[in-house]
Amino acid sequence: MHTPVDTVMVEQRAKSFASRSIKTESKQQGLRLALSMIDLTTLEGKDSPEKVRALCTKAIQPWEGEIDPPLPSVAAVCVYPSLVQVAKRALEGSGVAVASVATGFPSGQYPLDVRLNDVKEAVCAGADEIDMVINRGAFLSGEFDVVAEEITQVRTVCGTAHLKIILETGELETLENVRLASELAIQAAAHSGSISDGEVFIKTSTGKVNPAATMPVTLVMLEVIREYYKETGIKIGMKPAGGIKTAKQALHYLVMVKETLGDDWLTKSLFRFGASSLTNDVLRQLVRQHTGRYTATYDFSEA
Amino acid sequence: MSRLTVPKTYKLYIGGKFPRTESGRSIAIENQKSEIVAHICHGSRKDFRNAVESAHKAFDSWSGITGYLRGQILYRMAEMLEGRKEEFAAAIQVTQPVTNAVARKEVDASVDRLVTFAGWTDKYQQVIGCANPVAGSYYNFTIPQPQGVVVAIAPQSPSLLGLITCIGAPICSGNTVVALGSEVHPITTAIFGEVCQTSDVPAGVINLLTGKNKELLEHIATHRQVAGLYVANPTKKNRTLLEEGSADSMKRVHCVAFDESDWYDNAVTASPWEIEPFVEMKTIWHPSAC
């Protein structure tokens with residue numbers, strides 16, 4: 001079950017994706033695609049209903065100006081469970097999904113029944129997607145069966161809501177652990193019932209731990225997804241989160257997805273960016289190309 | 001065998017670092033005997049964009065410190081420049097047919113110019129701000145505040161004194177600057193970055209570009225993050241281009257037409273009225289004690 005990972009090669013390979021030159025029309029297309037894949041996220045103690053409503057407005061229409069063809073909405077808004085209802089109401093009929101972190105995010109250090117209840121409530125409140133955290137303490141102590149069993153139970157509670165499993169790779173120390181956790185997460189999710197394409201995602205990080213998403217870590221996870229697809233024909237989704245702040249980085253990730261998994265994964269139903277500041281950087285590039293003028297920070301809403 | 005000289009390749013100064021231009025272009029600098037003595041960076045619009053970003057980042061802290069502290073930092077710059085007088089005098093003479101005495105005079109005036117602006121940092125407010133007379137139990141003040149990122153387009157000559165004046169006026173009140181040095185005498189601009197970096201000026205407050213202004217003018221005018229322009233001796237055509245481009249983001253465009261002797265005159269180029277074009281006036285009322 002344990003597959004070794006060649007760290008040096010993974011880093012080399014990941015670096016190579018960042019050297020592609022993507023300009024003009026391909027850049028426009030790439031940026032629009034990236035925008036449509038963003039899970040616009042706010043996960044702070046100071047989040048208020050009004051802030052979430054503002055974020056939802058931005059999610060539906062990322063920029064107020066006119067641009068032809070119109071910019072896509074982002075994929076989802078990601079909030080804490082207590083704000084799911086607010087987001088659900090604000091996004092009604094827009095096609096933008098509501099994602100909720102749950103299971104005692106970000107640490108996951110709560111009794112299992114509390115974590116499962118967390119998921120239930122978020123689903124009841126209307127969450128379309130649940131971002132769960134795995135039990136890293138158990139994983140690092142080698143209690144893989146505990147980790148797997150918990151994931152299986154969470155997925156059962158999710159019902160029809162899609163599940164994103166956060167590995168928190170910044171706490172897993174090695175790429176081999178990342179690979180092992182990815183395989184474990186996918187298998188545990190599959191254990192609770194058949195998976196249709198895009199129903200289960202694996203996600204790098206909570207965004208609360210440094211390092212968050214990096215290209216090598218994402219590459220290892222994409223390779224696990226590729227192998228699982230080859231074995232079973234089932235398409236698992238991928239979501240790097242945290243630390244992706246610039247449009248350029250986003251394009252590098254898209255190149256990596258395309259060259260590892262192929263065009264099929266270049267859709268928001270199989271690939272997401274967990275980010276907040278990325279949105280404005282993508283917009284900045286798109287608007288600059290549209291108007292021919294460099295933009296100012298005050299041209300875009302903060303949310 | 002005679003030794004091969006190693007001519008210096010000057011770089012840009014952006015965000016406290018010395019990057020090469022992202023375009024990879026350079027311009028050979030010839031001395032008056034038409035020998036190539038150095039290369040300077042031929043900056044591009046992307047270098048300009050990066051410089052504006054650095055300047056924008058530096059604005060909050062630079063405008064947030066006291067005028068007194070800004071004055072001390074400007075004075076420190078003057079000290080550093082004074083210590084490198086010979087180098088700057090020599091740099092002026094590479095491309096300009098002037099005597100050592102004339103070059104020294106320009107460097108001296110540049111040091112003094114920095115000291116003048118250092119003095120104004122905590123005094124110009126009293127000159128251009130005011131306490132307004134009101135008929136009520138409150139006070140009413142008008143106080144100047146810096147605008148943000150200012151682009152300074154320096155005169156061709158005097159290359160050092162002109163550059164320092166165009167930078168000094170906006171940074172005095174807390175603006176941050178992206179400056180385009182003299183196109184025909186660019187070496188002083190390139191070395192001035194070394195003065196900035198070794199004095200206490202925070203990274204991003206002063207950013208220096210060299211190259212061809214013509215290809216940058218349109219981007220400067222239309223960049224929405226830029227709040228003001230200080231333009232030395234523009235042609236009529238360039239002035240129109242800058243003013244039209246600035247209309248969209250409502251930049252202040254401050255064009256000056258100074259001759260050589262004006263640049264040396266503190267009363268003309270370093271008065272509070274040269275600081276005033278780069279501030280916004282804020283009027284506030286405040287309840288009085290009784």
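The model is a predicted one, and local features are described only where pLDDT is at least 70.

Chain A holds 11 helices and 8 strands. Its radius of gyration is 18 Å, close to the 19 Å that the globule rule gives for 303 residues, so chain A is as compact as a globular protein of that length. The C-alpha trace of chain A extends over about 55 × 45 × 35 Å along its principal axes, and 49% of the 303 residues of the chain count as buried.

Helix α2 of chain A, residues 24-36, can be followed in more detail. At 1.5 Å a residue its 13 residues should span 18 Å, and the end C-alpha atoms are 19 Å apart, which agrees. The buried residues in α2(A) include G30(A), L31(A), A34(A) and L35(A). Seen down the axis of α2(A), the buried residues fall within an arc of 135°, so they line one face of the helix. On the face of α2(A) that is turned away from the buried side, the exposed residues are E25(A), S26(A) and Q29(A). What covers the buried residues of α2(A)? Among the covering elements of chain A are the strands β1 (38-41) and β8 (273-275), together with the helices α10 (247-261) and α11 (277-291).

Several backbone details of chain A sit in its loops. The peptide bond from D68(A) to P69(A) is cis, with omega near -10°, and P69(A) lies in the loop between α3 (49-60) and β2 (76-79) of chain A. Another cis peptide bond joins N210(A) and P211(A), where omega is about -5°; P211(A) is found in the loop that runs between β6 (200-203) and α9 (215-232) of chain A. E173(A), although it is not a glycine, has a positive phi of about 70°. The loop between β5 (162-166) and α8 (175-191) of chain A is where E173(A) is placed, and E173(A) counts as exposed because it has 10 C-beta neighbours inside 10 Å.

Strand β2 (residues 26-30) of chain B, by contrast, pairs with β3(B) in the antiparallel sense over 5 bridges, and the bridge partner of S26(B) in β3(B) is C41(B). The strands β2(B) and β3(B) form a hairpin with 5 residues between the strands, in which S34(B) takes a positive phi near 60°. A positive phi is also found at N233(B), a residue other than glycine, where the value is near 45°. N233(B) lies in the loop between β9 (226-232) and α9 (236-247) of chain B, and N233(B) counts as partly exposed because it has 17 C-beta neighbours inside 10 Å.

Helix α4 of chain B, residues 100-120, has 21 residues and reaches 30 Å from its first C-alpha to its last, close to the 30 Å expected at 1.5 Å a residue. Its buried residues include the charged-type side chains E106(B) and R113(B), as well as V107(B), L114(B), F117(B) and W120(B). The cover over the buried residues of α4(B) includes the helices α2 (67-83), α3 (85-95), α5 (124-128), α6 (159-172) and α12 (272-275) of chain B.

Finally, the two chains meet in a contact that takes 8 residues from chain B and 6 residues from chain A. On the side of chain B that touches chain A, the residues divide into no nonpolar, 5 polar and 3 charged.

Key
Residues are numbered from 1 along each chain as its sequence is written. Chains are lettered from A and ligands numbered from 1 in the order in which they are written. This is a predicted model: local features need pLDDT of at least 70, side-chain atom pairs count only at pLDDT 80 or more; totals for chains, interfaces and linings use all residues. Helices (H or I, at least four residues) and strands (E, at least two) are DSSP runs, numbered from the N terminus. The radius of gyration is taken over C-alpha atoms; the globule rule is 2.2 Å times the number of residues to the power 0.38. A residue is buried if 20 or more other C-beta atoms lie within 10 Å of its own, exposed if 12 or fewer, and partly exposed in between; C-beta atoms are placed from the backbone. The expected span of a helix is 1.5 Å times one less than its number of residues. The arc is that of the directions from the helix axis to the C-beta atoms. Two residues are in contact if their C-beta atoms, placed from the backbone, lie within 7 Å. Two strands pair if DSSP finds at least two bridges between them.
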